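I opened a new notebook page for this one. Here is what I looked up, entry by entry, for anyone meeting the structure for the first time.

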Amino acid sequence: MRVEQVERVPSKFRFTWRTLLLALGGLVLLLSFTRFVTGAVDLTSAGAINATVALAVPIGLAGLGGLWSERAGVVNIGLEGMMILGTWGGAWGAIQFGSPWAGVLVGLLGGAFGGLLHAVATVTFGVDHIISGVAINILGLGITQFLSKVTFAEMKGGGDTQSPPVPKLDPVSIPGIGEPLKSLESQHWFLLSDLAGILRGLTTNVSLVTVLAILLIPVTFYVLWRTAFGLRLRSCGERPVAAESLGVNVYTYKYVAVVVSGALAGLGGAFLSLVASSAYREGQTAGRGFIGLAAMIFGNWRPGGLAAGAGLFGYTDALQLRRGGESVHALLLLVAVLLAGVAVYQLVKQSRTQAAVFTAAGAVAVFALFALTDSIPAQFTSVTPHITTLLVLSLAAQRLRPPAADGVPYRKGQAK
């Protein structure tokens, strides 16, 4: 068996840049239509888009970490614990060395340490991946609680559960375009103002760590799908016995993948304490490691789909923070239109009548909820990101194709 044959994904659909641009264009058009009909300006405002990016970055980095690990065949539900180590390490490093970039590096190393522990347990000692991941989550929380008591509690402005204020990373903007885009956005014209708001949100007051996180998406794709190193790493998650027979050191590649996975999760944690906030606080990750895993699954273990999933979760979270009742209520119209489109696709292209009927019924129910109400209660808007997580995973479940040997125990020299 040739290594190039280890991953066969039978599919009539081929993802291309043209497809991506068409999908993004259609989504912007739908958002513009929804904003124009409902008057919910925050659907495409620069503030909402800027908040979306900030909220999506830690989720995307955690998902990217899971992608590296699971492409090598190691399930990593310990991402939450690795992110926790990154939040503490980011704050401690920034305070100790007086530089936020030192905090970024220490946070990355903290997550990598968690990844190394997971690799030792699963790869070397063959511990069940789920058990090891749960242990890492518990260990990450326990270690940071202990370290906070012996470090931050002794510092002025700190305590047992939080650090003193940390040095901040100043945001950057593309000069010369902020004011013209702001003026165009304020006109509330159909599509043009929406495009201006989206562009202003993406190009002003953006952290350099955000730029780094965005660049890691194409870098990951190139490394894993366009290099010999990436091919060997993915072969360990598809057919490790075949890879070993061709001279690939499976243990080494699994170790590298899991350590990189932890480092990316740690970077996401450092982002939370250095960029999204001004200090480390206990419970700061708030389950983002698990949501990152959901984004990875939604993206079908691919960087582009993962980024879309993280953006979706970040967007819904941003909306519930900005005029939550009004914005989430307007989003119901968009969801109804999308569900109706899915129903038509299922009926015409896939000939799945029963599925189309259920999807159409969902579209009607969502539209009825939109038409019969004026706003969504605050108690429900706060759980919008979590409801979105459940919905997208249930809708995406039929097309998922994880690596063939993901989570499967492997020992060197085994016959099959």
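**Entry 1: a word first.** I call a residue buried when its relative accessible area is under 20%, exposed when it is over 50%, and partly exposed in between. I also note that the model is predicted.

**Entry 2: helix 12.** How many of the residues of helix 12 are buried? I found 9 of the 11, so this helix, residues 288-298, is largely enclosed by the rest of the structure. The buried ones are R288, G289, I291, G292, L293, A294, A295, M296 and F298. After helix 12 comes N300, and I noted its positive phi, near 60°.

**Entry 3: E70.** I moved on to helix 2, where E70 is found. E70 is buried but has no salt bridge. I looked for the nearest side chain of opposite charge and came to R71, 8.5 Å away. Leaving aside neighbours within four places in sequence, I listed the contacts of E70: V75, N76, L293, M296, W301, P403 and D406. Two of these, L293 and M296, I had already written down as buried residues of helix 12.

**Entry 4: salt bridges.** I searched the whole structure and got 4 salt bridges. One of them joins E238 and R71, with the closest N and O atoms 3.7 Å apart. E238 lies in helix 9 (residues 228-238) and R71 in helix 2, so this pair ties together parts that are 167 residues apart in sequence. Buried or exposed, I asked of E238? E238 counts as buried, at 3% relative accessibility, and R71 is buried too, with a relative accessible area of 2%.

E238 has another partner: its side chain meets that of R401 in a salt bridge of 2.8 Å, N to O. This pair also links distant parts of the chain, since R401 sits in the segment after helix 17 (384-396) and E238 in helix 9, 163 residues apart. R401 counts as partly exposed, at 23% relative accessibility.

E185 is in helix 6 (residues 178-185) and R200 in helix 7 (residues 192-203), so the pair ties together parts that are 15 residues apart in sequence. E185 counts as buried, at 13% relative accessibility.

**Entry 5: the second largest pocket.** Its volume came out at about 220 Å³. I counted 13 lining residues, and those nearest the centre are N50, A54, N205, S207 and V275. Which elements give two or more residues to this lining? They are helix 2 (46-71) and helix 11 (250-276). By type, the lining divides into 8 nonpolar, 4 polar and 1 charged.

**Entry 6: Y255.** Back in helix 11, I stopped at Y255. At 22% relative accessibility, Y255 counts as partly exposed. Beyond its neighbours within four places in sequence, Y255 is in contact with L116, A119, V120, V123 and T124. I also checked Y255 against H386: they are 131 residues apart in sequence and 32 Å apart in space, C-alpha to C-alpha.

**Entry 7: S351.** My last stop was the loop between helix 14 (324-348) and helix 15 (353-372), where S351 is found. S351 counts as exposed, with 58% relative accessibility. From S351 to G142, 209 residues apart along the chain, I read a C-alpha separation of 52 Å.

Terms used:
Residues numbered from 1 in each chain as written. Predicted model: local features only at pLDDT ≥ 70, side-chain atom pairs only at ≥ 80, totals over all residues. Heavy atoms only, no water. 1 Å grid on protein atoms, 1.4 Å probe; cavity = no way out; pocket = protein on both sides within 12 Å on 5 of 7 lines; lining within 4 Å. Points joined across faces, edges and corners; volume = space filled by probe spheres on them. Helix = DSSP H or I, 4+ residues; strand = E, 2+ residues; numbered from the N terminus. Nonpolar A, V, L, I, M, F, W, Y, C, P; charged D, E, K, R; others polar. Buried < 20%, exposed > 50% of the residue type's maximum accessible area, 1.4 Å probe, protein only. Lys, Arg positive; Asp, Glu negative; His and termini not counted. Contact = heavy atoms within 4.5 Å.
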